[in-house]
Amino acid sequence: MQHKLAAGNWKMNGKLQSLDMIESLGKAVGTPGCEVALCPPAHLLIPAIDRAAGGPVAVGAQNCHSASNGAFTGDIAADMLRDVGARFVIVGHSERRAAYGETDADVQAKAVAAQNAGLVPILCLGETLEQRETGQALPVIRSQLQNALPAASKGETLVIAYEPIWAIGTGKIPTMEEIAEVHSALRGDLVTHLGAAGTDVRILYGGSVKAGNAADIFAIDHVNGALVGGASLTTEDFAPIVNALSDT
Ligand code: PGA
């Protein structure tokens, strides 16, 4: 198994000055027993990577295009992100699936492009509240995995993030049993699809992770870290989450 991963998704938040957090977070987490990544908006990637150099924080992007170049105004290729030093890229976040109509096939193409460029895709999956309430959560999530999974993935080349849509930014989280059920099903499916390599792919939980619930979530089997939105915007909120993961 790779080191566990605490990844922060800044979404459309942050200006140059926000990058001061990279130094303060580095100090607050010391030499963590897990990987730490921040995914700021695209305009901050290069200065973030400069400021993170030599420290414990890796930098990732929030999206990429599946093509390597071309007439795609406003888009950025995975290879371009890798060229400036990004390590990770989030693909298939539910906000992009909802706002830009990204399908599982689109997400798979982006994840494959990311892997080919040497980036590690953080591939997001998750059910709506209605799907959860009608007993469809597991079939939906498993089908998203099956349809978006890049075929030749290994522990070093793929991270999965289970993010119930209704838990994102709401302060609500599933029960510990519900998280355990999903992560264990995803682990089983990863092994079915990838063979032994499926045991090494990290499965993050995301959706209202905070300092107060992180340790309980990280104690669940097959939870190998977190994808954190709101609580990744300040060192005060994010460092305790990283430290809780380091302690597991
Ligand atoms: P949240 O967002 O931590 O603010 O709920 C998580 C995410 O969208 O990745």
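In this briefing a residue is called buried when its relative accessible area is under 20%, exposed when over 50%, and partly exposed in between (1.4 Å probe, protein chains only). By that definition Thr235 is buried, at a relative accessible area of 17%. The structure is a predicted model, in which local features need pLDDT of at least 70, side-chain atom pairs count only at pLDDT 80 or more, and totals for chains, interfaces and linings use all residues. Residues are numbered from 1 along each chain as its sequence is written, and side-chain values use heavy atoms, with hydrogens and water left out.

**Helix H10 and Thr235**

- Thr235 belongs to helix H10, residues 235-246; helices (H or I, at least four residues) and strands (E, at least two) are DSSP runs numbered from the N terminus.
- The end C-alpha atoms of H10 lie 15 Å apart, which agrees with the 16 Å that its 12 residues should span at 1.5 Å a residue; the expected span is 1.5 Å times one less than the number of residues.
- The buried residues of H10 are Thr235, Phe238, Ala239, Ile241, Val242, Ala244 and Leu245.
- The cover over these buried residues includes strand S1 (5-9), helix H1 (20-29), strand S2 (35-39), H9 and S8, where contact means heavy atoms within 4.5 Å.
- Not counting residues up to four places away in sequence, Thr235 touches Met21, Ser24, Leu25, Ala28 and Pro240.
- With Ser24, Thr235 also makes a side-chain to side-chain polar contact of 2.6 Å. Such a contact is a pair of N or O atoms within 3.5 Å; within protein, one must be able to donate a hydrogen and the other to accept it, and residues adjacent in sequence count only if both atoms are side-chain atoms.

- Arg97 and Asp104 form one of them, with closest N and O atoms 2.6 Å apart; both residues are buried.
- Arg96 pairs with Glu102 at 2.8 Å, N to O; Arg96 is partly exposed at 23%, whereas Glu102 is buried at 9%.
- A salt bridge of 2.7 Å, N to O, joins Asp189 and Arg142. This pair links distant parts of the chain, since Asp189 is in helix H8 and Arg142 in helix H7 (residues 137-148), 47 residues apart.
- Glu163 is buried without a salt bridge, and the nearest side chain of opposite charge, Lys11, is 6.4 Å away; for charge, Lys and Arg count as positive and Asp and Glu as negative, while His and the chain ends are not counted.
- The side chain of Glu163 does make a polar contact of 3.3 Å with that of His93.
- Glu163 is located in the loop between strand S6 (159-162) and helix H8 (176-194).

**Cysteines**

- The count of disulfides is 0, a disulfide being a pair of cysteine sulfur atoms within 2.5 Å.
- Cys39 is buried at 0% relative accessibility, and its sulfur is too far for a bond because the closest cysteine sulfur, in Cys124, is 9.4 Å away.
- For Cys64, buried at 1%, the closest cysteine sulfur is that of Cys39, at 12 Å, again too far for a bond.

**Positive phi angles**

- Ser208, although not a glycine, has a positive phi of about 55°; this buried residue, at 8%, sits in the loop between strand S7 (202-206) and helix H9 (211-218).
- His222, also not a glycine, has a positive phi of about 65°. His222 lies in the loop between H9 and strand S8 (225-228) and is partly exposed at 32%.

Notes
Salt bridge = Lys/Arg side-chain N within 4 Å of Asp/Glu carboxyl O.
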